[in-house]
Amino acid sequence: MVAMRFLTKSGLIRPLNFRFVSSSAHLHQELQLAEPPPPPQTPLPPNPSSGSPLYKDNWRNATISDYPAVDTAAIPVNLGFLRLNSTAQLQSLSQMLDANGLMDQFAQWMTLKRWADVKQLFELWIKCLDNHGKPNKPDVNLYNQYLQANLKMRATAGQLLDLIMQMDDFGIVPNTASFNIVLKAMQQAGEFVAAEKLIERMLETGQEYKDSLPDDESYDSVIGALLNVNQIDRALKYIDLTLSSGYMLSMDAFLGCVRSCVKNGRLDTLVSVIERCKKMDQNKSLCPPWHACNYIADVAMQSDNSNLTYCALEFMAKWIARGELATPAVHLSVAEGLVVSALVTAGRTRNLKLLDGSWAILKRSLRQKKIPNPESYLGKLYAHANSGNLQKAFNTLHEFETGYGNSTIEDGENLFSPFYSLNPLVLACSKKGFRTLDLVSSSL
């Protein structure tokens, strides 16, 4: 107060009229001059002791926009539940996480398909410094996550190859997973020639660096790329490599092989692929979906391909067995009309293996709840008669008569007519004249 009176009397400041906030004379406030806030200062990162290939920012000319001031103490390390859309937030996160923390963050974001955040955070993270003042250095697994994010953001195969070339700048050697990401991009773009060249390179470099050898995913991408352009013979080479390497042929590759072989009329080639898979222990369990089994059988019977028809029925038998072992049990049944067509195909092609297999799967589908329809017996009788197995044909006729001898169904008289339903058996008996009749006289 003494200093204030001195300044007032000296004329350096004018007297001020003070107003008391409180009604009490002992409580009052004096007006004070507010001090201006200190200018915000952004700390500059230390000069790195060793340069990173992607650390191109001028550390002496950093601006607030480059390094935004963020209260990192108030932000938890685990930010997987937040939406970090701003560059400032991503920049702050990139300065806090180490390699393990970044991998955990990527795992959360990939589950949520936040590919753009993964890509941007990685690019910011490699420009930051670790606890020792050196640029962050990713390992091959962390870099593969970055490649995967670029693939999901529709990066081209050429762009991904450029990123793989940059791995050498970090002292990283690309492994099988790295190349698989590029192969997937080539498959999606239909670049089958480039895909073949890349997998051949993997086979060559894999002789020295085993971690870059192709795996089942590598072969699957190349097979898919070749089958999409109907390069069946070239795809068969990599199918053989898949099987000989001890890998299981993927369902996508197998279904692609089915579509391509059917489209190009290469049903025998499809049979050879199935037979190759059956010889390998890891592929014996190969079984396409139920609707695909029906499709394969239908196409095979239209072309009278008895071997492929048998393969389709064999797949169906596997599904029936799986359903019976399930809990609760699932009872699958093959349509009897399809079995009749298979029996007729067996008769036309004289394939006894298909004949026996068709009848066995029919009996298993019926589960002894009913006897086969007359058309099924007649199909079996036709197949035996046309194959020259007259004894089994008469045995089938006896079974047919036991089941429908006293039938009252419509048109029952023609069920055993030698001029109608039994005509194939009559023709077979008279095929070689009296010699054949003498052999079947006892059965007649």
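Biologist: Before helix packing is discussed, how are the axes and the angles between them defined?

Modeller: The structure is a predicted model. For helices, an axis is a line fitted to C-alpha atoms over the stretch in contact. The angle between two axes is taken between their N-to-C directions, and it runs from 0 to 180 degrees.

Biologist: At what angle do α3 and α5 pack, and are they roughly parallel or roughly antiparallel?

Modeller: Two packed helices are described by the angle between their axes and the distance between the axes. For α3 and α5, the axes are 10 Å apart and the angle is about 30°. Angles under 35 degrees count as roughly parallel.

Biologist: Which residues of α5 meet α3, and how does the contact divide by class?

Modeller: From α3, the residues Ala99, Leu102, Met103, Phe106 and Met110 take part. Their partners in α5 are Asn141, Leu142, Gln145 and Gln148. By class, the residues of this contact are six nonpolar, three polar and no charged.

Biologist: What is the handedness of the crossing of α3 and α5?

Modeller: The handedness describes how α3 passes α5. This crossing is left-handed.

Biologist: How far apart are the axes of α11 and α13, and at what angle do these helices pack?

Modeller: Helix α11 covers residues 251-263, and helix α13 covers residues 290-302. The two are roughly parallel to each other, and α11 passes α13 in a left-handed crossing. Their axes lie 12 Å apart, and the angle is about 25°.

Biologist: Which residues of α11 meet α13, and how many of the residues in the contact are nonpolar?

Modeller: On the α11 side, Leu255, Val258 and Val262 take part. They meet Ala292, Tyr295, Ile296 and Val299 in α13. The contact has no polar and no charged residues, and its nonpolar residues number seven.

Biologist: Which residues of helix α4 are buried, and what covers them?

Modeller: Helix α4 spans residues 115-125, and its buried residues are Trp115, Asp117, Val118, Leu121, Phe122, Leu124 and Trp125. An α-helix has 3.6 residues a turn, so residues three or four places apart point the same way. The cover of the buried residues of α4 includes α2 (87-96), α3 (99-111) and α5 (140-152).

Biologist: Is Ser376 buried or exposed, and which residues does it touch?

Modeller: Ser376 is found in helix α17. Its relative accessible area is 0%, and Ser376 is therefore buried. Leaving aside neighbours within four places in sequence, its contacts are Glu336, Val340, Leu343, Trp359 and Leu362.

Biologist: What is the relative accessible area of His384, and which residues does His384 touch?

Modeller: His384 is found in helix α17, residues 374-386. A residue is buried under 20% relative accessible area. His384 has a value of 3% and is therefore buried. Not counting residues up to four places away in sequence, His384 touches Leu355, Asn389, Lys392, Ala393 and Thr396.

Biologist: Where does Ser285 lie, and which residues is it in contact with?

Modeller: Ser285 lies in the loop between α12 (267-279) and α13. With 42% relative accessibility, Ser285 counts as partly exposed. Its C-alpha atom is separated by 9.5 Å from that of Phe315, which is 30 residues apart from Ser285 along the chain. Leaving aside neighbours within four places in sequence, Ser285 is in contact with Met248 and Arg322.

Biologist: Which residues are joined by a cis peptide bond, and what is its omega?

Modeller: Most residues other than glycine have a negative phi, and most peptide bonds are trans. Here Pro328 has its place in the loop between α14 (306-325) and α15 (336-349). The cis bond joins Thr327 and Pro328, and its omega is about -5°.

Biologist: How many helices and strands does the protein chain have?

Modeller: Of the 444 residues of the chain, 39% count as buried. The protein chain has zero strands, and its helices number 20.

Technical notes:
Residues numbered from 1 in each chain as written. Predicted model: local features only at pLDDT ≥ 70, side-chain atom pairs only at ≥ 80, totals over all residues. Heavy atoms only, no water. Helix = DSSP H or I, 4+ residues; strand = E, 2+ residues; numbered from the N terminus. Parallel < 35°, antiparallel > 145°, perpendicular 65-115°, else oblique. Left-handed = near helix turned anticlockwise from the far one by under 90°. Contact = heavy atoms within 4.5 Å. Nonpolar A, V, L, I, M, F, W, Y, C, P; charged D, E, K, R; others polar. Buried < 20%, exposed > 50% of the residue type's maximum accessible area, 1.4 Å probe, protein only.
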